[in-house]
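Biologist: I am new to this structure. Could you show me how to read its features, one by one?

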Amino acid sequence: MRALLTGTARAVRDALAGIVPAGGRAVLGDAPGGDAQFDIDKVAERAVWEYVCRHAHVPVAVHTEDEGTRTTGSDPRHVLVVDPIDGTRPASAGLEMGTVSIAAAPIGDGRPTLRDVTAAHVLELKTGAWLYADDTTGVETAGYPWPVPRLSPNTDLTRMFWSLEFNGHPMRLMCEAYAHLVDASANTGGVFVFNSASYSITRIVTGQLDAFVDVGNRILRDHPGTEAAFRRAGRGNILHLFPYDIAAAVYLARRAGVTVTDGYGAPLDDMPLLAVDPAGQRSCVAAATPALHRALLDNIRWHSGGFA
């Protein structure tokens, strides 16, 4: 399984190596979940499927952002949950935040959840640095100029280096939720928008960030009247965290000691790995220390009057 995951990720990176950054940003349509599908997404999707078909020694299912679930043969026992490019927009611009994200799980009754993940791999497209773990190993890494995992000890919201998500999230509602935290930390800490959940969460593992938050799904669940605003921001779709966005990164982060939950503080274990509908989407709050995680849950404004 390790060879299949790492080889698939390398195949994607190799397929994208000849594409000129920012040379083509054509939107070809929408993925099944509703996110825009860029031209490089097609290249990466093809690289995943071709590699798995050639190198999987037994039938496997492959679930990707753009193609949904396919199988390489009958009666697959495992499923690979793959985001061929998590961070399509930064990757299209030649920036560092694009990754290949792959999680593996037994397919079981056909309804696996995040708790079933047994191996995960995240490869950075720009640098080639990577993280890997499975149920028999700790987190293994290569390509970083310092020992990884390396978690920050920070517990102070005003000193926090953190990233947050805006794609498909109405800016006004997100500001209602955590503009005060941005104001408090932007100067004495750091606030980043990477447009890649797997990159953001794995930056906590590398020690570069203290936290990551994507709270849109909880805001919508708590305040159903905000749905129209979320659909406007998502061009008619609800664009919150899908399993292929975070399955691999959450597995790696938890193996490294990161505190990761949904926006309610509950484990993400029941998140269905093969879902593409809004009911299967989740929020996420991840932090390097339990104290910082608790502080985020306590200080994000979940019930602002501005959500009305």
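Modeller: Start with the naming of elements. Helices are DSSP runs of at least four residues, numbered from the N terminus. Ala197, for instance, lies in helix H5, which covers residues 197–205. Keep in mind that this is a predicted model.

Biologist: Is Ala197 buried or exposed, and why?

Modeller: Buried means under 20% relative accessible area. Ala197 has a relative accessible area of 5%, so it is buried.

Biologist: Which residues does Ala197 contact, beyond its neighbours within four places in sequence?

Modeller: Ala197 is in contact with Asp86, Phe212, Leu241, Asp245 and Ile246. Take Ile246. It sits 49 residues from Ala197 along the chain, yet their C-alpha atoms are separated by 6.3 Å.

Biologist: At what angle do H5 and H8 pack?

Modeller: The angle is about 5°, and the axes are 8 Å apart. H8 spans residues 243–256. Angles under 35 degrees count as roughly parallel, so H5 and H8 are roughly parallel to each other. On the H5 side, the contact is made by Ala197, Ser198, Ile201, Thr202 and Val205. H8 contributes Asp245, Ile246, Ala249, Val250, Leu252, Ala253 and Ala256.

Biologist: Now the backbone. What should I look for?

Modeller: Most residues other than glycine have a negative phi, and most peptide bonds are trans. Look for the exceptions. A cis peptide bond joins Val148 and Pro149, with omega about 10°. Pro149 is in the loop between strands E9 (140–142) and E10 (161–164).

Biologist: What is the phi of Asn195, and where does this residue lie?

Modeller: Asn195 has a positive phi of about 60°, although it is not a glycine. Its place is the loop between strand E11 (190–192) and H5. Arg235 also has a positive phi, near 55°. Arg235 is in the loop between helix H7 (227–233) and H8. At 51% relative accessibility, Arg235 counts as exposed, whereas Asn195, at 28%, counts as partly exposed.

Biologist: How many salt bridges are there?

Modeller: A salt bridge needs a side-chain nitrogen of Lys or Arg within 4 Å of a carboxyl oxygen of Asp or Glu. The count comes to 10. One of them joins Asp222 and Arg218, with the closest N and O atoms 2.8 Å apart. Both residues lie in helix H6 (residues 216–222), about one turn apart. Arg218 is buried, at 12%, and Asp222 is partly exposed, at 23%.

Biologist: Which residue does Arg294 meet in a salt bridge?

Modeller: Arg294 meets Asp298, at 3.0 Å from N to O. They are 4 residues apart in helix H9, so about one helical turn separates them.

Biologist: And what is the distance in the salt bridge of Arg282 with Asp270?

Modeller: The closest N and O atoms are 3.7 Å apart. Arg282 and Asp270 are 12 residues apart, in the loop between E13 and E14.

Biologist: What about Asp83, which has no salt bridge?

Modeller: Asp83 is buried, and the nearest side chain of opposite charge, Arg89, is 8.9 Å away. Asp83 lies in strand E5 (residues 78–86). Its contacts include Glu65, Tyr244 and Asp245.

Biologist: Last, how many disulfides are there?

Modeller: A disulfide is a covalent bond between the sulfur atoms of two cysteines. Here the count is 0. Take Cys175. The closest cysteine sulfur, in Cys284, is 20 Å from its own, too far for a bond.

How values were computed:
Residues numbered from 1 in each chain as written. Predicted model: local features only at pLDDT ≥ 70, side-chain atom pairs only at ≥ 80, totals over all residues. Heavy atoms only, no water. Helix = DSSP H or I, 4+ residues; strand = E, 2+ residues; numbered from the N terminus. Buried < 20%, exposed > 50% of the residue type's maximum accessible area, 1.4 Å probe, protein only. Lys, Arg positive; Asp, Glu negative; His and termini not counted. Contact = heavy atoms within 4.5 Å. Disulfide = S-S within 2.5 Å. Axes fitted to C-alpha atoms, helices over the stretch in contact; angles between N-to-C directions. Parallel < 35°, antiparallel > 145°, perpendicular 65-115°, else oblique.
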